[in-house]
Amino acid sequence: MFASFSARWTRGRGTVRLAAAALLSALVAGGALAGAGTATAQEPAPGQAGATATIGGLKTYGAAVIHDPSGDVQVSAGLFEMAVDGGGTLQTYCVDLHSPTQRDAKYHETPWSGTSLAANKNAGKIRWILENSYPQVNDLATLASEAGATGLTEQDAAAGTQVAIWRYSDGAHVDAVDPQAEKLADYLQKAAVTVAEPEASLTLSPPAVSGHPGDLLGPVTVHTNATGVTLTPPADAATTGVRIVGRDGKPLTSAVDGSKVFFRVPLTATAGSAELTVQASTTVPVGRAFASDSRSQTQILAGSSESTVSATASAHWAREGAIPALSAATDCARGGVAVTAANQGDETFTFSLMGATYSIPAAGSNTVTIPLQEDQPYDFTITGPNGFQQRFTGILDCKTQGSETGEAVQTLSEPSPATVGGTAGGTNLAETGGSSVTPLIAGVAIGLVVIGGAALVLVGKKNEPTGE
């Protein structure tokens, strides 16, 4: 899952301190999860990049059977549809069979490193399946012929594709109910080869920079598959005088892939911050992961219309002292959140984290990983010199529910697409891999825990540390 954060600067000088907030300690059991509330839409956080969308439910699907020693479960299997913020539509398959899907959950384009795909040696084969099956291949007669099937409907094609993906994403023993869909699933599973992770639709690197007034702060490099992007300057640019410029110092309103842009801060500016927003219209690459901030099923992209994508970058400046620039990303390989601290000030930035002390010299940077347990929510704020504050929130979601719990799947007499977070009389959200028993399975596994209890402290000092 992505790590979100917000930044705020005020005047004055202070101590740098990071504290892990106690969040939530509750074991969600039985049908309680089925009544989970609707995910709340949030403004994109600084550093967040790519497409943001709201899930709408299964649109094209058939049936599948999950086999387990304790019995078989029949579930819906197929394509979800998402509505992109700012315009556009995405089609996705699920890559976490036993997790529930929450109604209207907000999803964010996410690198594989921030999802269960990070540790999945077959992630590249899933991308091959996506590129060589429905809906990327919409000639169903040809697809059926390749699979040795006598014919395929759109529902069969979607179900067969999802089943093949589950076999690699969850290691599931699962079959499509329709014989032709099952032939497609078998064909895709056997034919799949490893394909590299696709590039993001839009990112900015790094997402945070710092420096002194009068300097060009950056560069921030644009990475995108769009033909061009629009640069929106800070909202208060007219009063602060901060401009978005190229290396030559000339103002920029647009850029392309590989462009390097800078924040030009007036020499007379007092300590402060600014944010750049970049936006484009493009098709999101097939195989991009989409994760939610509410533990709703992780998805993987199967198709995209022309869609709005955006990214933000922040700049921080001060006349003297340590001038930190912080960013964060989920690192599933290391089981935590990787916080990168850069320092473009003229003093060393020193902090202690989980019993270890780190010093970031002027013009230096370092990355510190905060270890977390699976499904562990976190919320902590770093404060620094000149009133700097930056908040990091999220939840670690790096494993599929099946790999976490080893829970046996319970038997159902008939398929029953679940409604998660719905209300009586509302539209059902048919969930991939979901059934009336799925919330129970997920509820047993999703007990939320509190960050270890100990405070994590970052202390900025003018001189080199003597140890803590």
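Predicted model: local features only at pLDDT ≥ 70, side-chain atom pairs only at ≥ 80, totals over all residues.

Me: Which residue stands opposite Thr221 in β15?

Reply: Strands are DSSP runs of E, at least two residues, and helices are runs of H or I, at least four residues, both numbered from the N terminus. Two strands pair if DSSP finds at least two bridges between them. Here, Lys260 in β15 is the one opposite Thr221. Residues are numbered from 1 along each chain as its sequence is written, and side-chain values use heavy atoms, with hydrogens and water left out.

Me: How many bridges pair β13 with β15?

Reply: Three, again in the antiparallel sense, with β13 covering residues 243-245. In this pairing, Ile244 faces Phe263 of β15.

Me: Phe263, okay. Which residues have the most contacts inside the largest nonpolar core?

Reply: A nonpolar core is a set of buried Ala, Val, Leu, Ile, Met, Phe, Trp, Tyr and Cys residues joined through side-chain atoms within 4.5 Å. Buried means under 20% relative accessible area (1.4 Å probe, protein chains only). In this model the largest core has 83 residues, and Tyr93 and Phe263 have the most contacts inside it. Helix α3 (residues 154-169) gives the largest share, eight residues. There's also a second, separate core of 18 residues, with Ala322, Phe349, Leu372 and Phe392 among them.

Me: How do α3 and α4 pack, and at what angle?

Reply: Axes are lines fitted to C-alpha atoms, for helices over the stretch in contact, and angles run from 0 to 180 degrees between N-to-C directions. α3 meets α4 (residues 179-191) at about 40°, with the axes 8 Å apart. Angles under 35 degrees count as roughly parallel, over 145 as roughly antiparallel, 65 to 115 as roughly perpendicular and the rest as oblique, so α3 and α4 are oblique to each other. Contact means heavy atoms within 4.5 Å; residues making it include Ala157, Gly160 and Ala164 of α3 and Leu184 and Leu188 of α4.

Me: Last one: in what order do the three strands of the open sheet come?

Reply: The order is β20-β21-β24, with antiparallel pairing. β20 (324-331) and β24 (364-371) are the edges, each pairing on one side only. Eight bridges join β21 (residues 336-343) to β24, and Ala338 sits opposite Thr369 of β24.

Conventions: Buried < 20%, exposed > 50% of the residue type's maximum accessible area, 1.4 Å probe, protein only.
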